[in-house]
Amino acid sequence: MRARLLGVLATLAVLIGFVVVYFIFILEEAPSAISAVVKNGQAYLTLQTVGAYGNHPYPDWVSYLGKDPEGNWVHTTYFKVPAHSVVHVTVYEFDTATGLRNNFLAAVRGTVGGTESVNGGAAVKYVNASLPAHTFTAPDLNINVPLPGINANAKNQCSVAPCSNSFAHNTITFSFRTPGPGDYRFQCIVPCALGFLYGFGGPMQTIGYMDGEIVVT
Amino acid sequence: MSSQPSDSVGREPRHGRNIAVLWAIATVIMVPVMIWVIGPHIPPGDMSNDTKAQHVVNVVLATLAMPVLMLIWVFLAYAITHFRAKPGDTTDGPPLHSVARIQIIWIVTTSLLVLGLGAYGTIDLLTAAGDSGVGSGEGSNPLVKPADSKNALQVQVIGQQWLWTFRYPGYGGVETAHLVLPVNRDVEFHVTSLDVVHSFWAIELGVKADAVPGADNIAFVTADKTGSFQVRCDELCGLWHGHMNTTGNVVSDAKFNTWIAATVKKYAPVTAQLPKYSTVYYPQPVRNG
């Protein structure tokens with residue numbers, strides 16, 4: 001009887017151990033959050049999108065990166081921004097165009113003025129639907145910003161993140177107003193995951209690559 | 001099944017009769033409670049013809065289930081209080097013998113219940129809510145339609161990982177991220193998907209239809225109250241499935257006309273880039289994959 005009880009307890013302990021290790025693994029894998037730079041009541045967020053992360057564990061996956069307040073590029077998709085503020089976003093886009101699955105998402109939505117600017121040009125309310133490499137889309141905030149890709153034949157394309165501005169890129173700027181505190185998911189809506197079914201597996205289904213959260217505090 | 005009187009414990013009380021009496025009392029109390037107290041709060045409300053029909057079905061099913069539930073609970077409580085073994089009593093209980101009469105009653109009753117509910121549900125799908133199919137997706141050739149379905153407002157629901165958009169073919173095929181409907185007008189949803197299987201669930205409207213790539217799934221509804229309603233995806237579809245929500249609005253005719261006119265104007269440049277309106281789309285998975 002005692003041997004059976006010990007056997008049950010030992011099995012239970014092993015199973016609990018597996019669960020604990022599993023959650024430790026998940027917590028260690030979760031990317032850390034970076035904060036936007038706040039100056040004079042305005043928040044500034046600097047991001048980049050790359051066609052290939054170039055590092056362990058998935059060097060060939062597309063990804064977002066964010067710049068922390070110290071100016072270092074961090075592989076994360078958790079971005080902390082202040083509540084009830086205007087956030088000015090700059091995205092350095094290093095990937096080539098894929099095009100949208102749904103052309104409606106060529107429209108800019110949810111930004112200040114309903115516009116974005118590409119390479120310092122005039123503010124635009126939409127782009128050509130075949131041009132986006134990625135999007136910055138936060139459905140809960142009604143935000144959608146298409147990020148035009150670089151020319152597929154561009155020289156000096158970046159293949160290992162973080163990418164410096166000496167590589168071919170587009171610079172997209174826009175601003176949005178934050179609501180009250182909360183976690184608001186964002187994603188890329190372009191089917192840009194090369195090699196996956198419908199281009200929507202792998203990095204498109206993984207936090208830290210093309211999905212993340214805008215953490216409004 | 002029946003229990004045999006035991007000589008050692010004297011004549012057994014008439015458990016069957018006791019349970020039947022208790023069950024009858026519990027049922028007489030709980031059925032009216034279900035109909036008039038709990039029933040009015042059972043989802044999905046009364047915002048549309050579909051939800052009204054679904055609400056009636058839910059109340060009927062819950063009411064019919066009440067006698068069954070009471071029988072189980074009463075028997076459980078009775079067994080716990082009356083059939084409990086006394087401390088130290090290790091003797092076996094009396095043997096059980098099958099009773100054909102009880103088995104026949106049980107099989108006939110449950111069969112009638114299941115078949116009757118099946119018939120009731122089928123008839124309700126075909127006839128309730130003004131022949132609208134009670135808000136369910138009916139495929140590309142609906143079996144039942146509202147009488148005036150030719151004049152229904154057509155709205156295409158497009159699912160993709162992980163958001164909903166909506167096209168209005170009667171207004172130049174404009175597409176929007178907001179679902180706005182006029183009150184007291186038949187609406188014909190055409191539900192489809194651009195990637196994997198989703199499910200369009202407009203909760204307070206009582207509409208649920210699978211969004212399948214390459215398929216046109218039609219569902220009808222007539223909202224008869226203004227207000228907002230939730231839209232959710234009801235089919236596991238990937239990382240952000242649990243966040244694939246939005247809010248729709250039912251507004252007056254005048255407000256709808258104002259909104260759709262502004263939307264058509266606002267999105268004209270993007271509408272020009274959309275593919276021609278179609279009940280299904282085959283976006284380029286090869287190029288985009």
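Tutor: One thing to keep in mind is that this is a predicted model.
Student: Which elements of chain B give two or more residues to the side that touches chain A?
Tutor: Those are the strands β1 (153-160), β2 (163-168) and β3 (174-176), along with the helices α5 (268-271) and α6 (285-288), of chain B. With three residues, α6(B) gives the most to that side.
Student: What sort of residues are on that side of chain B, nonpolar, polar or charged?
Tutor: They divide into 15 nonpolar, ten polar and three charged.
Student: And how much area do the chains bury between them?
Tutor: About 2700 Å², with 58% of it on carbon and sulfur atoms. The contact takes 38 residues from chain A and 28 residues from chain B.
Student: Switching topic: how many aromatic pairs does the structure hold?
Tutor: Over all chains, 21. One of them joins Tyr58(A) and Tyr209(A).
Student: Why is that pair called edge-to-face?
Tutor: The planes of the two rings are at 70 degrees, and the cut-off for edge-to-face is over 60. Their centres are 6.0 Å apart.
Student: Where do those two tyrosines lie?
Tutor: Tyr58(A) is in the loop between β3 (42-50) and β4 (63-67) of chain A, while Tyr209(A) is in the loop between β13 (182-187) and β14 (211-216) of chain A, so the pair ties together parts that are 151 residues apart in sequence.
Student: Is Tyr209(A) buried or exposed?
Tutor: Tyr209(A) is buried, at a relative accessible area of 5%. Tyr58(A) counts as partly exposed, at 36% relative accessibility.
Student: Which aromatic pair crosses between chains, then?
Tutor: Phe104(A) and Tyr267(B) make one such pair, edge-to-face, with 5.2 Å centre to centre and 75 degrees between the planes. Phe104(A) sits in the loop between β7 (86-93) and β8 (116-118) of chain A, and Tyr267(B) in the loop between α4 (253-266) and α5 of chain B.
Student: Buried or exposed, those two?
Tutor: Phe104(A) counts as buried at 1% relative accessibility, and Tyr267(B) counts as buried at 6%.
Student: Last one: which residues form an aromatic cluster?
Tutor: Tyr64(A), Phe79(A), Phe136(A), Phe174(A), Phe176(A) and Phe186(A) form one cluster.

Notes: Residues numbered from 1 in each chain as written. Chains lettered and ligands numbered in written order. Predicted model: local features only at pLDDT ≥ 70, side-chain atom pairs only at ≥ 80, totals over all residues. Heavy atoms only, no water. Contact = heavy atoms within 4.5 Å. Buried area = accessible area lost by both parts, 1.4 Å probe. Helix = DSSP H or I, 4+ residues; strand = E, 2+ residues; numbered from the N terminus. Nonpolar A, V, L, I, M, F, W, Y, C, P; charged D, E, K, R; others polar. Phe/Tyr/Trp six-rings, centres within 6.5 Å; stacked < 30°, edge-to-face > 60°. Buried < 20%, exposed > 50% of the residue type's maximum accessible area, 1.4 Å probe, protein only.
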